[in-house]
Amino acid sequence: MTQPTTQPTTQPTNYRSPRSNRLLFIVAMGFLLGVLGCAPLLGQEATPEPPGSTAPARQRSAIWQPAPGTSWQWQLRGTIDTSFAVAMYDIDLFDAPQATIDQLHAAGRVVICYFSAGSWEDWRDDASDFPAALLGNTLDGWPDEKWLDIRQIASLTPVMTARLDLAVTKKCDGVEPDNVDGYANESGFPLTGVDQLAYNRWLVQQAHQRGLSIGLKNDLDQIPDLVDDFDWALNEQCFEFAECDTLLPFVQAGKAVFGVEYSGDQTVFCPQANAKNFSWLKKNLDLDAQRLDCMTQFSGGTPTATPTATATAANTATATPTVTQTVTPTVTPTVTPTVTPTATPSGTPTPFATVPPRLTPGIGVYLPKVNR
C-alpha cells in the first residue's frame, strides 16, 4: 500500500516562531523600562538646576511645610540659645555659625535662615555685589539699608541665588526672606503689586529648586495671591495693628503662621493667637534669646517639638495637621507670666524692650521694621 506523500506546510511570509516573539517582547520591555527610568517619578515634575547655581548637590525628598501650631524660636542677635525644645529655629543666614546649625540639627530642630531679599544692607559681606542702579531710597529709620528695585530680577539673580546657595551649603532647611513688600513702601522706584508678586514667586521657585522651605514675611495684602506658593507665613505685630485675620488663609491651607508681638498685653493677644492656631511669641525688639511662648504659657499644653507636616519637593502635597489645637480661653490670668530661657549664653536677657537699641554700624544685627 502506497503511503501518502506528506506535503510541506507553507508558513505565511510574516510568520515568527514563539521563540522569536518572546525575544522581541523582552527587547521591547527593556527599551520601555529604560525610557521610564529617565523620566521623573509618577506625580512629580523634573526639577531643573537653577541657572548659574554653584550649590552642592543634596538629596531631599521633601520640603518642610509646617502645620499650624508648630513651635519655634526666633533669634537674630547674640549667641544662639539652643536649649529650647521647639520644632524650628529661625536664625541669621550670615551670622549663625555652622556649628550652631549642626547642633540644632543634631537635636532634631528644623533650621530656617534669615536674609533680606528686598533691601541692600551696607554691612553684609556681599554688599559690593549689588549694582548701584538697583539701590533706591533709604528705609525709614534704617540709614544703613536701601530698598532694591525688585523689577530687575535678572540683575538681582547673581546675589540672591548666591545667598540661597549659601543656605544650602550651611544646611539650612529653609529661608525667611525679609522686606518682600517694597511695592507698599516709598522705595524710590515705581514698584507695583504685580512687580512684587513676580519677584516673590521667583524667590519661591529658586528656593524650592534647592529643596528649601520658604516663608512669606508680612506682605499681608498679597496673601490671597501667594498662600499657595509659600510654605508658611511669618508676621510681626498683627495684633497691634488689628490685621491678624488676613493671615487665616495660611491656617485654612494647613500651613503654619509664625508671629511676634513686641509690646502689648500677652494676657490679651496670646489667647487670641492660640484660638487662631497661630504660633505666637512675645519678643524683645532686638530679637535676642528672650521669649514668651503663647502656646505653652496660655494653652495649658505643650506644642509639638518636631515638624508636623511636609510637602513634596515639587510642592504638590497638602500639609495636614496631626493635631488641631483648639483653645477657648475662659480665664484671664491674673499674673503676667514671664519666660526665662533655660540657658543664657550671653548674659541675662533684658526685660521686653519698648525702644530698640541702636545698632553699631557693621555688626549686621537685625531689628524689626514697621513700615506703615
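**Close-ups of a predicted model**

View 1. Cys113 is buried, with a relative accessible area of 0%; here buried means under 20% relative accessible area, exposed means over 50%, and partly exposed is in between, using a 1.4 Å probe and protein chains only. This is a predicted model, so local features need pLDDT of at least 70 and side-chain atom pairs count only at pLDDT 80 or more, while totals for chains, interfaces and linings use all residues. Residues are numbered from 1 along each chain as its sequence is written, and side-chain values use heavy atoms, with hydrogens and water left out. Cys113 sits in strand 4; strands (E, at least two residues) and helices (H or I, at least four) are DSSP runs, numbered from the N terminus. Setting aside neighbours within four places in sequence, Cys113 is in contact with Asp90, Ile91, Leu93, Cys172, Gly174, Val175 and Glu176, where contact means heavy atoms within 4.5 Å. Leu164 is 51 residues away along the chain, and its C-alpha atom is separated from that of Cys113 by 9.5 Å.

View 2. Nine strands make an open sheet with mixed pairing, in the order 2-3-4-8-9-10-11-12-13; two strands pair if DSSP finds at least two bridges between them. At the edges are strand 2 and strand 13, each pairing on one side only. Strand 3 runs parallel to its partner strand 4 (residues 110–116), and the two share five bridges. Across this pairing, Tyr89 stands opposite Val111 in strand 4. Helix 7 packs on the sheet, where it touches strand 11 (257–261), strand 12 and strand 13, and its direction makes about 165 degrees with that of strand 12. For that angle, axes are lines fitted to C-alpha atoms (for helices, over the stretch in contact), and values run from 0 to 180 degrees between N-to-C directions.

**View 3. How helix 7 is covered.** Seven of the ten residues of helix 7 are buried, so to speak tucked away. They are Gln266, Thr267, Phe269, Cys270, Pro271, Ala273 and Asn274. What covers these buried residues includes strand 11, strand 12, strand 13 and helix 8 (294–298). Look just after helix 7 for Asn277, which takes a positive phi of about 65 degrees.

**View 4. Nonpolar cores.** A nonpolar core here is a set of buried Ala, Val, Leu, Ile, Met, Phe, Trp, Tyr and Cys residues joined through side-chain atoms within 4.5 Å. The largest one has 61 residues, and Met160, Tyr199, Leu247, Phe278 and Trp280 touch the most other members. Another core, of 17 residues, lies apart from it and includes Trp72, Val110, Val260 and Leu281.

**View 5. Salt bridges.** Side chains of opposite charge can pair when their charged atoms come close. Searching the whole structure turns up eleven salt bridges, each one a side-chain nitrogen of Lys or Arg within 4 Å of a carboxyl oxygen of Asp or Glu. One of them joins Asp286 and Arg77, with the closest N and O atoms 3.4 Å apart. That pair links distant parts of the chain, 209 residues apart: Asp286 is in the loop between strand 12 (279–282) and strand 13 (292–293), and Arg77 is in the loop between strand 2 (72–74) and strand 3 (88–92). Asp286 counts as buried at 10% relative accessibility, whereas Arg77 is partly exposed at 28%.

Asp245 bridges to Lys276, the closest N and O atoms being 2.7 Å apart. Asp245 lies in the loop between strand 10 (232–236) and helix 6 (248–252) and Lys276 in the loop between helix 7 (266–275) and strand 12, so this pair ties together parts that are 31 residues apart in sequence. Lys276 is partly exposed, at 21% relative accessible area. Arg291 and Asp293 form another salt bridge, at 3.2 Å between the closest N and O atoms; Arg291 is buried at 5%, and Asp293 is buried at 3%. Asp92, Glu121 and Arg124 are linked in a network of salt bridges.

**View 6. Two asparagines with positive phi.** Most residues other than glycine have a negative phi. Asn179, in the loop between strand 8 (174–178) and helix 4 (193–209), has a positive phi of about 60 degrees and is buried at 5% relative accessibility. Asn218 has a phi near 55 degrees, also positive. Find Asn218 in the loop between strand 9 (213–217) and helix 5 (223–226), buried with a relative accessible area of 15%.
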